[in-house]
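Hi,

Here is the structure I promised to pass on to you.

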Amino acid sequence: MAEEIKEVFDTILVLDFGSQYSHLITRRLREFNVYAEMLPCTQKIKELTWKPKGIILSGSPYSVFADDAPHVDLAVFDLNVPILGICYGMQEIAHINNTKVIRGDKREYGPALLQVEDKSCPLFKDVDHSKVWMSHHDKLSALPQGFKVVATSDNSPFAAMAHETKPIYGLQFHPEVTHSVKGKELLRNFALDICQANPNWSMENFIDTEISRIKKLVGPTAEVIGAVSGGVDSTVAAKLMARAIGDRFHAILVDNGVLRLNEAKMVKKNLTEGLGINLTVVDASEEFLSKLKGVTEPEKKRKVIGNTFIHVFERVANEIKPKDGDEIEFLLQGTLYPDVIESISFKGPSQTIKTHHNVGGLLENMKLKLIEPLRELFKDEVRALGELLGIPHDLVWRHPFPGPGLAIRILGEVTPSQVEIARKADHIYIEEIKKAGLYSQISQAFAALLPVKSVGVMGDERVYAQVIALRAIETTDFMTADWFIFDARFLKRVASRIVNEVDGISRVVYDITSKPPATVEWE
Ligand SMILES: Nc1ncnc2c1ncn2[C@@H]1O[C@H](COP(=O)(O)OP(=O)(O)OP(=O)(O)O)[C@@H](O)[C@H]1O
Ligand SMILES: O=c1[nH]c(=O)c2[nH+]cn([C@@H]3O[C@H](COP(=O)(O)O)[C@@H](O)[C@H]3O)c2[nH]1
Ligand SMILES: NC(=O)CC[C@H](N)C(=O)O
Ligand SMILES: [Mg+2]
């Protein structure tokens, strides 16, 4: 982030100890217009070139008493700004104040009822008894000297604590998750009342600061290529990039052979004519399909696709000859924060769920440097940004389509004939959804082709053919999702059209699993 931003906006510093929820802290602060920046917990305070208005210490998969546990630079306490420790962050404050943190008898994971004991505490202004979300195993053995208890829960006598005289607070629960009902109020009280941060940040400011950051990073002459799929994320990223460096930006859509019906053509038209983005379609379908031959394991498919994308981009980068004669150095991607959380396994309880092609599928020795302006944002924030950038409503609200495309919706081996079947079935399904006026009520819908055959009868003839599974979900951030309830007549219509119009299908089923325990995609 450009340094100037901290001169314009009061900034809260979030020190990240590796919790799955760390980014949600910055996101919640942004929701009430307070700018926050997250740095690793190992940040040396004397190397900080700006003064934060307050500091939040995040949760962590570590235990503060473990040998390899990360610890904060003690100089944070010399800055004389308010400090809020969340879960591990609170345990860290206790540890620094010579109070033993010990392993609790039982793990406390899930909801707890908060009892506010000290109603005069400014952190708890307008926050009464309410449900909070706990996620810990360790606990404070006692209250650190100089601190008082502010709130308790059944299992946590120190659910919240505050220093008697200094603005230092600790919460054993996670105010940043939506399941903590008054969590946002607590963070707002901390940022606005206790830190006195001015809530003047907005998405418009994000645009300005990102553009100036990109300009600085890329310099006055370098050219950049962009991985642009026509999806929401990369279109928003491309629009930002085009604003920052104009025609030095070259958007590339790779036809990987597993796109939907007419997708490359449509995207070319929408982006070039509709948005003035300079887009080239590179047909690499044979290369992708030949590398996918014989591959059936989902993670292997994802890695093959991720790697092939990068090979194609490196080749394209070499083919485009920048005016200044230098090589193209940068690759823009529309990566979002949930892609990163699910793909990277941090030491501790968070695990790799699936390798998103644009994060875990990258090549180790790739030459292109990544620019990912949306890496900190969630989908609904990107959509708000897209609207502000003047991207047409239909495009901003398009259902997401994953980079590995139909390949992760064809269970088993991906062959040209299987792609054909999946493509036709998906097209019919989406067409019917649009006709019924349901597209905008559903967050994402698609057809998956299953590698099982079942017996049917068509025109008195026995058929033995594959199964299509329809999926439709509702969600805002794609981290959790529920299945969409269709009218039975709608499902009847779709099933009948698919079986009648798509050769190779004799049966259609509807997927009624939420995420978790399932995921959105089948692979
Ligand atoms: N066919 C493709 N050609 C070029 N780049 C692609 C392609 N598919 C995906 N990408 C790159 O991978 C990134 C991640 O894909 P993802 O599907 O998550 O985002 P998106 O396609 O931009 O948006 P959406 O989530 O709405 O589909 C994209 O932002 C883009 O940079
Ligand atoms: O660009 C992408 N590359 C991928 O490898 C990938 N895997 C899943 N998805 C999309 O992410 C959202 C959540 O999907 P899952 O519940 O299946 O993880 C859904 O919107 C999925 O379509 C991907 N997008
Ligand atoms: N969520 C957290 O920060 C957990 C902290 C620590 N690992 C515990 O189990 O208590
Ligand atoms: Mg996509």
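In what sense do strand 1 and strand 3 pair, and over how many bridges? Strand 1 (residues 11-16) and strand 3 run parallel and are joined by 4 bridges. Helices (H or I, at least four residues) and strands (E, at least two) are DSSP runs numbered from the N terminus, and two strands pair if DSSP finds at least two bridges between them.

Before going further, some housekeeping. This is a predicted model, in which local features need pLDDT of at least 70 and side-chain atom pairs count only at pLDDT 80 or more, while totals for chains, interfaces and linings use all residues. Residues are numbered from 1 along each chain as its sequence is written, chains are lettered from A and ligands numbered from 1 in the order written, and side-chain values use heavy atoms, with hydrogens and water left out.

Back to strand 3 (residues 54-57). Gly54 of strand 3 is the bridge partner of Ile12. Strand 3 is also joined to strand 4 (residues 83-86) by 3 bridges, again in the parallel sense, and there Ile56 stands opposite Leu84. Both faces of strand 3 are covered: Gly54 and Ile56 are buried on one side, Ile55 and Leu57 on the other. Buried here means under 20% relative accessible area, with exposed over 50% and partly exposed in between (1.4 Å probe, protein chains only).

The chain is assigned domain 1 (7-194), domain 2 (203-397) and domain 3 (416-510); these bounds come from an automatic or database domain assignment. The C-alpha centres of domain 1 and domain 2 are 35 Å apart.

On a 1 Å grid over the protein atoms alone, a cavity is a set of points where a 1.4 Å probe fits but cannot get out, and a pocket is an open set with protein on both sides within 12 Å along at least five of seven lines; lining residues have an atom within 4 Å of a point. Grid points are joined across faces, edges and corners, and a volume is the space filled by probe spheres set on the points.

The count is 1 cavity of 30 Å³ or more, and the largest cavity has a volume of about 930 Å³. Its lining has 45 residues, with Asp233, His357, Phe401, Pro402 and Gly403 nearest the centre. Helix 9 (298-319) is among the elements that supply at least two lining residues, and its 5 residues are the largest share. Because domain 2 and domain 3 both give residues to this lining, the largest cavity lies between them.

The second largest pocket holds about 850 Å³ of space. Of its 32 lining residues, Arg398, His399, Ile430, Lys434 and Tyr439 are the closest to its centre. Helix 7 (263-275), helix 11, helix 12 and helix 13 (416-435) each supply at least two residues of that lining. This pocket, too, lies between domain 2 and domain 3, since both give residues to its lining.

Helix 11 (residues 379-388) has several buried residues, including Val382, Arg383 and Leu385. Among the elements covering the buried residues of helix 11 are helix 2 (22-31) and helix 5 (203-218). After helix 11 comes Gly390, with a positive phi near 80°.

Lastly, Thr475 sits in the loop between strand 16 (461-474) and strand 17 (482-483). Thr475 is buried, at a relative accessible area of 16%.

Best wishes

Terms used. Contact means heavy atoms within 4.5 Å.
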